[in-house]
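Please look through the notes below with the sequence and the model side by side, and check each point against what you see.

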Amino acid sequence: VFFPNPVGLRAGAPVTFRGIKIGEVAEVKAVLTGKPAPLIQIEVVLELIRDVVEAPPGVPRPFAGRTAADIAKTLIERGIRGKLQSQSLLTGQKYVDFDFLPGEEARFSGLDPRYPELPTTPTAMEKMGDKFEQFFDKLAELPLDEMMEDIRKAIRSIREVAEAPEVRGAIRKA
């Protein structure tokens, strides 16, 4: 898997599927992409345990005898996504959790990976960060100087009305 942002992962961190350990992180390294954005991707090599999901008698194992590339292709078709999750808020350590999330954005590195690549998806914090960035981009486009001058004019007009002798007289009489 590849992540476009810092990951907080280390070798040995758990890899889970819906919270069940299915492997661990074998290697984490930065890779130059040769592209302007992202210039660097974080490659996370995972070592997965086969046959973690049990099948009752009579239910065929869909991945028996298949290559890693075939397994990855089938999982991608079914909507598998890897996402960073917090292992410890105190230390900032993370782990990779997988689930079938076909409605979520599938991020691929666009590189020529050494191993079959599984897609990742942005975390809620990344999505929120994107929304904040869009908000501030729109805010930067607003004519703030003109808006502030309009507000000043409105405040002056309100002050003039409030300080008018007729208004003060009406308030005293009331």
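Predicted model: local features only at pLDDT ≥ 70, side-chain atom pairs only at ≥ 80, totals over all residues.

1. The largest pocket has a volume of about 1,100 Å³, and its lining is made up of 35 residues. If you want to find its centre, look for I22, L48, I49, I71 and L75, which are the lining residues that lie nearest to that point.

2. Which elements supply at least two residues each to the lining of the largest pocket? They are β4, which spans 40-48, α1, which spans 68-77, and β6, which spans 94-100; the largest share, 5 residues, comes from β4.

3. Sorted by class, the lining of the largest pocket holds 26 nonpolar residues and 8 charged ones, together with 1 polar residue.

4. On the surface, L32, L39 and I40 form a nonpolar patch, and the accessible area of these residues together is about 300 Å². One of them, I40, belongs to strand β4, and I40 counts as partly exposed because its relative accessibility is 38%, a value that falls between the limits of 20% for buried and 50% for exposed.

5. A69 is found in helix α1, and with a relative accessible area of 44% A69 is partly exposed as well.

Note on methods. Residues numbered from 1 in each chain as written. Heavy atoms only, no water. 1 Å grid on protein atoms, 1.4 Å probe; cavity = no way out; pocket = protein on both sides within 12 Å on 5 of 7 lines; lining within 4 Å. Points joined across faces, edges and corners; volume = space filled by probe spheres on them. Helix = DSSP H or I, 4+ residues; strand = E, 2+ residues; numbered from the N terminus. Nonpolar A, V, L, I, M, F, W, Y, C, P; charged D, E, K, R; others polar. Patch = residues over 30% accessible without salt bridge, like charges linked within 9 Å, V, L, I, M, F, W, Y side chains within 5 Å. Areas by Shrake-Rupley, 256 points an atom, 1.4 Å probe, with all protein chains shown as cover. Salt bridge = Lys/Arg side-chain N within 4 Å of Asp/Glu carboxyl O. Buried < 20%, exposed > 50% of the residue type's maximum accessible area, 1.4 Å probe, protein only.
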